[in-house]
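Here are some notes for a colleague who has not seen this structure before. Please read them alongside the model.

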Amino acid sequence: MGSSLDVARWQFAITTVYHFLFVPVTIGMSGVVAYFHTQWVRTHRPEYYRLTKFFGKLFLINFALGLVTGIVQEFQFGMNWSDYSRFVGDIFGAPLAFEALLAFFLESTFLGVWVFGWGRVPEKLHASTMWLTHIGTVLSAYFILAANSFMQHPVGYTFNPDTGRAEMSDFVAVLTNKVQLVTFPHVVLSAYMVGGAVIMGVGLWLLRRDRGTDDEPVYRKAVRVGAVVALVASVGVVVSGDVQGKIMTEVQPMKMAAAEALYDTESNAPFSVLSIGALDGSSATRIIEVPGLLSFLGTGSFDGTVEGINDLKVTEREMAQKVADQYGPDVAVLVADDDYTPIIPVAYWTFRLMMGFGFLTMIFAAMALWTTRKGGVPQSRWWTWVAVLTPLLPIIANSFGWIFTEMGRQPWLVYGLMTTATGVSPSVSVGEVWVSMVVYTLVYAALAVVEVKLFLTYVKRGADPYEDPSEHADADEDAPLQFAY
Amino acid sequence: MDTLQLVWFGLIGLLWAGYLVLEGFDFGVGALLPALGAGRDAVETEKRRRVMLTTIGPHWDGNEVWLLTAGGATFAAFPEWYATMFSAFYLPLLLVLVALIVRNMGFEYRGKRDDDTWRARWDWAIIGGSVVAPFLVGVALTNVVHGVPLDGDSEYTGNLFTLLNPLSLLGGLTVLALSLTHGAFFLALKTTGTIREDARRMGTTLGLVAAGLAVVTLLWLGVSTGSVWSWVTTVIAAGALLGAIFANTKRREGWAFVGTAVTAAMAVATYFLALYPDVMPSSLTGGRSLTIENASSSPLTLKIMTGAALVFTPIVLLYTAYTYYTFRKRIGTQHIPAAVAVK
């Protein structure tokens, strides 16, 4: 049956990973659709109109699921993690409220105008509503990542012994947390990578299917725009990820040690591309080991010292002891067997899969750009695989990145401040958490099947033929709307 | 009690009022899909349903953000209230979330295939979600005001059935009936042709049912925890609802809709005035009630939040008003385009 802590953690993992399958697609695609729409308004070239409508539909099919699963996220803190909410709500709640007020209203309201605005809103304003939606999604990312960065590296708070909770001392510090300043570009650029990759993959598949038809140049445009976005963004993801690694080594050294399963403190620490065997410090055989690379990733110097898990365990225990003494057992409890390490194989493999899938996306995007230059059409049937894999790879890379970041923080809920075991809701029974877990999982699974089927149906259908929207301009009062539910 | 604590108690009330006023009508429209969507034949039925859904199409998503903002603002301004309320109402909230999920998916996906079975399934998602969500929101809010068992640490000690007490169930029915009336008046205001006539006729009946339920709920609540001010808002709520029904019978559709909007807002005001100075009273002797004072955030957090609310709420209201202005035109079955050619 498990404890309600275990089930609540699984539930958070399932609902968050699921939610985040749709989030980067939403952020990335809304930007590219806004670009297509603006190009249509500027040039009135039919291909842009068709691409706006086509990818707009795919965007909306995806957006619906991102939206509904996001509501669950906001309520889950109170439902399953009420002691966490009590302890850090004074700090953590503010970015969530800002997110709703500044971001959710903006994206929801203007997306409504965009969807129903065809023929009812002046065209320049209409294109700008998709930009406003896009800005809303990026603002939303900023605030929720500020909240998450507080959990990785709490700043801008003081402990108030009278109220027994952490309280805000500096909101600007929370919003400009150094973890946040590098996580935000990393995550948003990853989202552009996903958005570009979805558009490139879908375009590539249709380009190959419809080669030689009038639609060929339209889909080539999609491939090239998507590939440029994915490629440029992926370079940014690498650069920001590199900076992030160094900051992580500084503020969460255990996470970096776990990423390499590095047990003993080393200077000139190597990075293994793969390894075989248990990663418990005894018998693993490293394959393709690059000397000094981990030191470089963590410190910027090949001779830099990276602390190992064995030494860090001692540091972490002292940290937990200090917090438990200072703030009491409601905030931090000592972990049994002094096991202050995250699950090492999970950290080790998710770190590699994140990077590996990201690099593959980058290579695919570069290949697609090369093969479609000067009106080229990719000929080999292997390109079908590239088309299918390109959207999936960066989405999965995003998931692994988050699993790494969140599981690498364990056993802490707020790093160095609150342990995960103390955050769970005391008044909620394990049965109740099970019920909600089963309900979410079933509902989400069913919706995933429906979503993917619908998405593929619309992909196969391709872009609708061009219809001059200005023909509707002088329609009478009773003429049908250009869009209705 | 600090001024800012009081301000935020009021603002949370305002957010809930905004939620019930705005999403209230789109809940109503969704729930009335079978009753007002029925035409003489299958073709007309489908067109009528699409008219109804299109009237709320540009707005429902923005309306729902009021709930998310109410949740987020409660988290930021009253973390203890958020923590206790959301963990206490665990299973009802789960149902609300599932109701909102399937309903929103229904709006977005229903028209994406030209297939009767597909549409019928999403219709049930929309109808079910639009009935269950306002009912349970009403149950939850009534429980907050009426009091639930909280122990000495303000932890909830009841179970699901504690929440399903007669007063709270009545509160749930009241919110549902009010949403249905509000939705009918919205449809009468936003449509042309026979839907408009049917919505107006049905609105009067629904309004009378809502008035009956609301009077009993508010009197019950008023007698048990009311204050002078909550009686004032109760009277305004009742007056606005009767005025709305009267305006409706006189074919003044705009005034009828304003009337139910005022009713919903004043009903929430009554709840919050009855709640004051608690935010979540304990029904147990020896239990620790959550109050505006002991559940609130630190002065600094409240100050930051106040600044944000002062700057951004007017902006949100402005662009929200713009969308209602943009889509102000009445819609009839003649405006419905052909179904999308996707099986």
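Where is A261(A) found?

1. A261(A) sits in the loop between helix 8 (253-260) and strand 3 (266-267) of chain A. Helices (H or I, at least four residues) and strands (E, at least two) are DSSP runs, numbered from the N terminus. A261(A) has a positive phi of about 50° although it is not a glycine. A261(A) is buried, at 3% relative accessibility; buried means under 20% relative accessible area, exposed over 50% and partly exposed in between, with a 1.4 Å probe and protein chains only.

2. This is a predicted model: local features need pLDDT of at least 70, side-chain atom pairs count only at pLDDT 80 or more, and totals for chains, interfaces and linings use all residues. Residues are numbered from 1 along each chain as its sequence is written, chains are lettered from A and ligands numbered from 1 in the order in which they are written, and side-chain values use heavy atoms, with hydrogens and water left out.

3. N268(A) also has a positive phi, of about 55°, although it is not a glycine. Its place is the loop between strand 3 and strand 4 (271-276) of chain A, and N268(A) is partly exposed at 35% relative accessibility. Most residues other than glycine have a negative phi, and most peptide bonds are trans.

4. Two cis peptide bonds deserve a look. One joins Q410(A) and P411(A), with omega about 5°; P411(A) is in the loop between helix 12 (382-407) and strand 7 (412-414) of chain A. Another joins Y276(B) and P277(B), with omega about 0°, and P277(B) is in the loop between helix 12 and strand 1 (278-280) of chain B.

5. In chain B, T233(B) is found in helix 11 (residues 228-249). T233(B) is buried, with a relative accessible area of 9%. A polar atom of its side chain lies 3.0 Å from the backbone oxygen of S230(B). Leaving aside residues up to four places away in sequence, T233(B) touches M266(B), A269(B), T270(B) and L273(B), where contact means heavy atoms within 4.5 Å.

6. UniProt, in an unreviewed entry, places the feature "transmembrane region" at several spans of chain B, including residues 228-247 and 304-325; such annotations may be inferred rather than shown by experiment. Residues 228-247 of chain B are 100% helix and 0% strand, with end C-alpha atoms 29 Å apart. Residues 304-325 of chain B are 100% helix and 0% strand, and there the end C-alpha atoms are 32 Å apart.

How values were computed. A polar contact is a pair of N or O atoms within 3.5 Å; within protein, one must be able to donate a hydrogen and the other to accept it, and residues adjacent in sequence count only if both atoms are side-chain atoms.
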